[in-house]
Amino acid sequence: MAWFKTPDRARELVSKLRAVTRGRLSVKLRAGYEDDDETLVSFSKGLVEEGVDALTLHGRLVKQKFKGRANWEKVSMLAQALPSIPVAGNGDINSAQELLHRSSGTPGGVMVGRAAVRSPWIFDQAAARLAPGSQIDLEETVCLFIALLARYQPVEFHPTRL
């Protein structure tokens, strides 16, 4: 997030990444250090000018960390300011119902963070709400999740992921 403090360096980094990246280039960021839409839009437009193909906005300020509620109005505002790329939203998606609610109002998509780690079946639950009768094997999913957690995450992360 420190890139917000040095937007020219952020643009330079994106430019260099764009030069060596063949596929899509996306960025995830928070709403900034201060509640300042003008700075958020200016910073994001700079990234787009350097070649970012998609952006995900976590609707909290840096100082909020995981406290308070994510501001999804910021996601909508940024999506309107950046019509040339998809702008997805992130924050406070902790149920299939919330995932579907946010998905329906966010054309650029929704990123699910901690809930996907804690409840990887959230996507199947959302799909089942859209197409009743869909099911997954929860025991198999949990076992796979635990195996992947052990393989890819440091041990100190395990308590907050289970």
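Colleague: How many nonpolar, polar and charged residues are in the lining of the largest pocket?

Modeller: Before that, a word on the source: this is a predicted model, where local features need pLDDT of at least 70, side-chain atom pairs count only at pLDDT 80 or more, and totals for chains, interfaces and linings use all residues. Residues are numbered from 1 along each chain as its sequence is written, and side-chain values use heavy atoms, with hydrogens and water left out.

Modeller: Now the general idea: rolling a probe the size of a water molecule over the atoms shows where empty space is left. A pocket is an open set of points on a 1 Å grid over the protein atoms alone, where a 1.4 Å probe fits, with protein on both sides within 12 Å along at least five of seven lines; lining residues have an atom within 4 Å of a point. Here the lining of the largest pocket has seven nonpolar, eight polar and six charged residues. Nonpolar covers Ala, Val, Leu, Ile, Met, Phe, Trp, Tyr, Cys and Pro, charged is Asp, Glu, Lys and Arg, and the others, Gly among them, are polar.

Colleague: Which residues lie nearest the centre of the largest pocket?

Modeller: Asp92, Ile93, Gly113, Arg114 and Ala115, out of 21 lining residues.

Colleague: And how do the residues lining the second largest pocket divide?

Modeller: Into twelve nonpolar, one polar and one charged. Nearest its centre are Trp3, Val27, Lys28, Phe43 and Leu47.

Colleague: Is valine 20 buried or exposed?

Modeller: Exposed (over 50% relative accessible area, with a 1.4 Å probe and protein chains only), since its value is 66%. Valine 20 sits in helix α1, residues 7–20; helices are DSSP runs (H or I, at least four residues), numbered from the N terminus.

Terms used:
Helix = DSSP H or I, 4+ residues; strand = E, 2+ residues; numbered from the N terminus. Buried < 20%, exposed > 50% of the residue type's maximum accessible area, 1.4 Å probe, protein only.
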